[in-house]
Amino acid sequence: MEHLELFFKSIFIDNMVFATFLGMCSYLAVSKKVSTAVGLGAAVIFVLAVTVPVNWLLDQYILQPGALTWLGAEYADYDLSFLSFIMFIATIATMVQLVEIVVEKFSPSLYNSLGIFLPLIAVNCAILGGSLFMQSREIESIGLAFNYGISSGIGWFLAILAIAAIREKIRYSNVPAPLRGLGITFIITGLMAIGFMSFGGMLTGGDDEATKEPETAQVEQVEEKEQKLAENTTTINE
């Protein structure tokens, strides 16, 4: 249940584009064609699926305060958390270089259409944001970290795929001249973000029920105390 909740929450509720507006540069620049958007989205999913769990391992066993205890008790006081950004970016850059080599080898047309934005995945704030969110939210296991990486990538993929499909159709629409290009794209992105916000109630039903139960128990306890107090007061008066 925890994996399923994290999966849907990362895709719809905490979507990288619509909730935190990360990766907007590539989102806007490479969303003119669906085919190009699919290629870049698949690359982002792969990079996030690999880098988030790898960076989780780095964080747990190297970067956190006291994480080096597995090397010996004398390393328990070491704190390498100041290296988080450098280590995370190095991992991301390595995986992006691998993706670039593979895409250039097996799909030269996609490589040419993505252009400079494929190597720029290394500095895409959505990719680094996935690892930093993983760290700040204190994800407990590598399985959950892998789940979070894939689901965050799928959320970003859905966002760029949706806007690319809309932008392909909107070419044949009568858009007012001042709004053509990025103007109408920003408006559509804002409307899509509002739509994704409606998914916020998907996973709150259980929380509401959980909060109602303690409140009901507290009310019952208060009523019992008031009843006992009333009985004691009646006894004293008699």
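Two points on conventions. Residues are numbered from 1 along each chain as its sequence is written, and side-chain values use heavy atoms, with hydrogens and water left out. Because the model is predicted, local features need pLDDT of at least 70 and side-chain atom pairs count only at pLDDT 80 or more, while totals for chains, interfaces and linings use all residues.

I start with the whole chain. Of its 238 residues, 36% count as buried. Buried means under 20% relative accessible area, exposed means over 50%, and partly exposed is in between, with a 1.4 Å probe and protein chains only. The accessible surface comes to about 13,800 Å², and 64% of that belongs to carbon and sulfur atoms; the areas come from the Shrake-Rupley method with a 1.4 Å probe, and for residues only the protein chains shown count as cover. Contact here means heavy atoms within 4.5 Å. Among contacts between residues at least 6 apart in sequence, 77% join residues at least 24 apart.

Next, the annotation. An unreviewed UniProt entry gives "transmembrane region" for residues 6–30, 37–58, 78–103, 110–133, 145–166 and 178–199. UniProt positions are in the numbering used here, feature names are shortened, and annotations may be inferred rather than shown by experiment. Take two of those spans. Residues 145–166 are 100% helix and 0% strand in the model, with end C-alpha atoms 32 Å apart. Residues 110–133 are 58% helix and 0% strand, and their end C-alpha atoms lie 30 Å apart.

Now helix α4, residues 84–106. At 1.5 Å a residue, its 23 residues should span 33 Å, and the end C-alpha atoms are 33 Å apart, which agrees; the expected span is 1.5 Å times one less than the number of residues. Which residues of α4 are buried? They are Ser84, Phe88, Thr91, Ile92, Met95, Val96, Val99, Glu100 and Val103. An α-helix has 3.6 residues a turn, so residues three or four places apart point the same way. The buried residues of α4 pack against α3 (34–63), α5 (108–114) and α6 (125–136). Ala93, also in α4, is partly exposed at 34% relative accessible area.

On to the aromatics. The structure holds eight aromatic pairs. Rings of Phe, Tyr and Trp (its six-membered ring) pair if their centres lie within 6.5 Å; planes under 30 degrees apart count as stacked, over 60 as edge-to-face and the rest as tilted. The rings of Phe18 and Tyr27 have centres 6.5 Å apart and planes at 85°, so this pair is edge-to-face. Phe18 also pairs with Phe196, tilted, at 4.7 Å centre to centre and 45° between the planes. What does the second pair tie together? Phe18 lies in the loop between α1 (2–13) and α2 (24–29) and Phe196 in helix α8 (residues 182–197), so the pair joins parts 178 residues apart in sequence. Phe18 is buried at 6% relative accessibility, Tyr27 at 0% and Phe196 at 17%. Ring pairs link Phe7, Phe8, Phe12, Phe18, Tyr27, Phe196 and Phe199 into a cluster. Phe12 is also one of the buried residues of α1, with Leu6, Ser10 and Ile11. The cover over those α1 residues includes α7 (142–170) and α8.

Last, the loops. Asn124, in the loop between α5 and α6, is buried at 5% relative accessibility. Leaving aside neighbours within four places in sequence, Asn124 is in contact with Gly23, Ser26 and Trp156.

Most residues other than glycine have a negative phi. Phe21 has a positive phi of about 55°; it sits in the loop between α1 and α2 and is partly exposed at 45%. Glu138 also has a positive phi of about 55°. Glu138 is in the loop between α6 and α7 and is exposed, at 64%.

Finally, Arg137 lies over the face of Phe133, 4.9 Å from the ring centre. The criterion is NZ of Lys or CZ of Arg within 6 Å of the ring centre and within 35 degrees of the ring normal.

Terms used:
Helix = DSSP H or I, 4+ residues; strand = E, 2+ residues; numbered from the N terminus.
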